[in-house]
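Dear colleague,

Please find the structure below, handed over for your records. My notes on what was found in it follow.

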Amino acid sequence: MASGATVLMANAMRQFLDFEKSVAELETKIDELRQMSGSEGVNIADEVGRLSEKAEKQLRGIYGKLTPAQKVQVARHAQRPHAQDYIRALITEFTPLAGDRLSAEDKAVVGGVGRFEGQPVVVIGTERGSDLETRLVHNFGMARPEGYRKAQRLVELAARFGLPILTFVDTAGAWPGIDAEQRGQAEAIARSIDVFLNAPVPVIVTVIGEGGSGGAVALGAGDRILMLEHAIYSVISPEACASILWRDPKQAPTAAEALRLTAQDLLELGLIDRIIPEPLGGAQREPAKALETVRKAIAAELPELLGLEPALLRARRREKFLAMGREAVT
Amino acid sequence: MSWMTEYVRPKLRGLLKREVPDNLWSNCAGCGQMVLNKDLERTRKVCPHCGHHMRALVGERLAWTFDDGAFTRIELPKVPVDPLGFRDQKRYTDRLKDARAKTHLDESMAVAHGKIGGHDAVVAVMAFEFMAGTMGAALGEAFLTAARLAVLQKAPLIVFTASGGARMQEGMVSLMQMPRTTIGVQMLREAGVPYIVVLTNPTTGGVTASFAMLGDVQIAEPDALIGFAGPRVIQDTVRETLPEGFQRSEYLLDHGMIDLIASRGELPEVLGRLIGLLNVRNLPVAQAA
């Protein structure tokens with residue numbers, strides 16, 4: 001169930017997950033047909049249409065009942081839009097701002113100022129990268145204390161100028177390294193949560209892929225918590241949970257189920273506010289469509305929050321978190 | 001070390017183990033030496049040979065911290081049990097039952113109030129003995145209750161932390177205790193009452209990355225393991241040998257993460273002194289002077 005799990009390469013460099021095998025086969029066939037028609041002038045439109053329909057039906061079947069373990073794979077899919085894709089698509093005049101003003105620039109956390117639908121905003125996200133080179137640059141989206149301190153600095157900047165904050169969460173978790181511990185990883189995360197909770201401006205959190213534990217909640221204390229349909233948000237990775245509680249990492253799918261980490265579960269538990277639907281087959285199949293849906297979802301939440309006084313905004317944000325888990329949900 | 005300690009002791013230890021009731025001696029995890037339990041009562045479970053601070057139970061901690069060991073326990077709010085309906089190899093509800101039977105505690109945090117150095121104080125103690133001091137909804141609620149009580153009494157809140165991190169069996173409800181407890185810290189800050197954290201062995205994961213690192217003063221017991229990621233996770237990730245003393249109190253002190261290290265013997269005096277120095281706004285005039 002690791003992120004690089006059985007991935008079949010097929011047409012158009014699309015990466016398929018193991019449970020999408022039947023769709024991959026159909027689409028490969030469609031590609032072959034198309035190539036044939038190009039060379040021999042055979043009319044294959046009917047056959048392509050039939051196969052496409054079949055592929056779509058299968059996709060609908062698969063994505064209509066994804067297991068939590070499959071959602072974990074989709075959430076980590078390399079071709080899903082990542083934080084920087086959202087910034088590029090949703091933010092105009094984006095001006096990246098770097099550094100924590102203490103010691104370093106951590107590229108696992110990206111951020112800056114720009115406009116969302118004309119409104120100046122501060123954007124902060126965890127960026128995992130999309131190929132080996134960028135993954136290394138962004139440390140696979142696993143931030144060090146510097147990354148969380150950079151986020152805090154950007155929240156303070158937003159507060160100073162009254163700009164709403166949009167965060168895009170996509171991380172396996174905070175970086176568990178010697179250097180990170182040495183420079184106070186725990187304090188950096190704790191302070192981030194503190195600073196976000198105190199922000200006198202609207203904060204909209206969108207979990208776009210994997211919301212991994214403390215590293216995610218560090219950017220997650222907002223007025224609205226949105227999640228993409230196939231995103232996950234969990235206190236621990238299913239793999240680590242399985243190793244600890246089942247003493248067997250192969251039980252990760254069972255752990256994924258037990259942890260109730262899907263957007264649907266979390267909405268039911270009252271821990272998130274809204275699920276943003278994904279295109280059929282997941283955001284990775286039609287990134288442009290996914291980006292647009294997210295834009296609309298954020299645009300729907302922002303106006304109401306912009307109308308609130310800072311004190312009320314903060315008080316409601318607190319109430320929101322204080323209410324979590326207090327009432328039993330059936 | 002003479003041959004007596006090296007060669008005779010282990011044999012003696014073996015003999016003693018079989019023939020002497022368990023409750024007479026303890027083995028120090030720090031130096032391996034045998035210590036009379038009667039002596040440990042006097043030293044507050046600090047090894048008289050090597051100074052190792054053994055794990056303290058909630059009741060012991062409260063008794064050591066308050067003046068004359070006198071305190072009043074606070075009843076804590078009930079929270080929905082088992083929000084996820086979680087089951088691994090065992091039902092979570094059964095694990096809770098077992099923990100309750102074994103520890104005679106309700107949950108992984110207990111709250112009491114009383115006097116420290118003559119000053120009113122609220123104390124919250126984490127119970128490592130209760131499911132490794134993991135943080136779930138009950139702990140979050142306990143911490144918030146302690147914070148509210150401290151605000152009401154204009155008394156400082158002192159928290160003794162000991163935790164393996166999040167309570168996995170509560171999933172995201174557990175993770176959300178990080179912002180929830182942080183709100184408790186903010187309430188203390190706004191009320192102007194001091195918040196003092198005493199980090200004890202071990203304090204890791206989500207507890208460290210929330211209320212445990214947000215104290216006005218951060219104290220640690222000697223040689224306590226304190227960190228975000230556990231040493232094994234780090235070792236597995238970076239595949240390097242961890243530095244000597246890594247993530248221990250002294251290491252954190254050297255790296256600017258905590259204010260001071262206090263032994264168990266010194267602690268009540270240090271706490272009393274800090275309360276007297278910090279809570280001046282809320283103290284009666286005569287005391288503050």
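Between chain A and chain B, 13 residue pairs are in polar contact, both residues being at pLDDT 80 or more; a polar contact is a pair of N or O atoms within 3.5 Å, where within protein one must be able to donate a hydrogen and the other to accept it, and residues adjacent in sequence count only if both atoms are side-chain atoms. On the side of chain A that touches chain B, the elements giving two or more residues include helix 7 (178–182), helix 8 (185–198), helix 10 (238–246) and helix 14 (310–323) of chain A. The largest contribution to that side, ten residues, comes from helix 8 of chain A. Sorted by class, this side of chain A holds 26 nonpolar, nine polar and nine charged residues (Ala, Val, Leu, Ile, Met, Phe, Trp, Tyr, Cys and Pro count as nonpolar, Asp, Glu, Lys and Arg as charged, and the others, Gly among them, as polar).

The model is a predicted one, in which local features need pLDDT of at least 70 and side-chain atom pairs count only at pLDDT 80 or more, while totals for chains, interfaces and linings use all residues. Residues are numbered from 1 along each chain as its sequence is written, chains are lettered from A and ligands numbered from 1 in the order in which they are written, and side-chain values use heavy atoms, with hydrogens and water left out.

The contact (heavy atoms within 4.5 Å) takes 44 residues from chain A and 50 residues from chain B. Chain A and chain B bury about 4200 Å² between them, 71% of it on carbon and sulfur atoms; buried area is the accessible area (1.4 Å probe) lost on putting two parts together, summed over both.

Three salt bridges cross this interface, the criterion being a side-chain nitrogen of Lys or Arg within 4 Å of a carboxyl oxygen of Asp or Glu. Asp194(A) and Arg189(B) form a salt bridge through their side chains, at 2.6 Å from N to O. Over all chains the count comes to 43 salt bridges. Within chain A, Glu105(A) is bridged to Lys150(A), with the closest N and O atoms 3.0 Å apart.

Chain B contains an open sheet of seven strands in the order 3-4-5-6-7-8-9, with mixed pairing. Strands are DSSP runs of E with at least two residues and helices runs of H or I with at least four, numbered from the N terminus; two strands pair if DSSP finds at least two bridges between them. The edge strands of the sheet are strand 3 (71–73) and strand 9 (260–261) of chain B.
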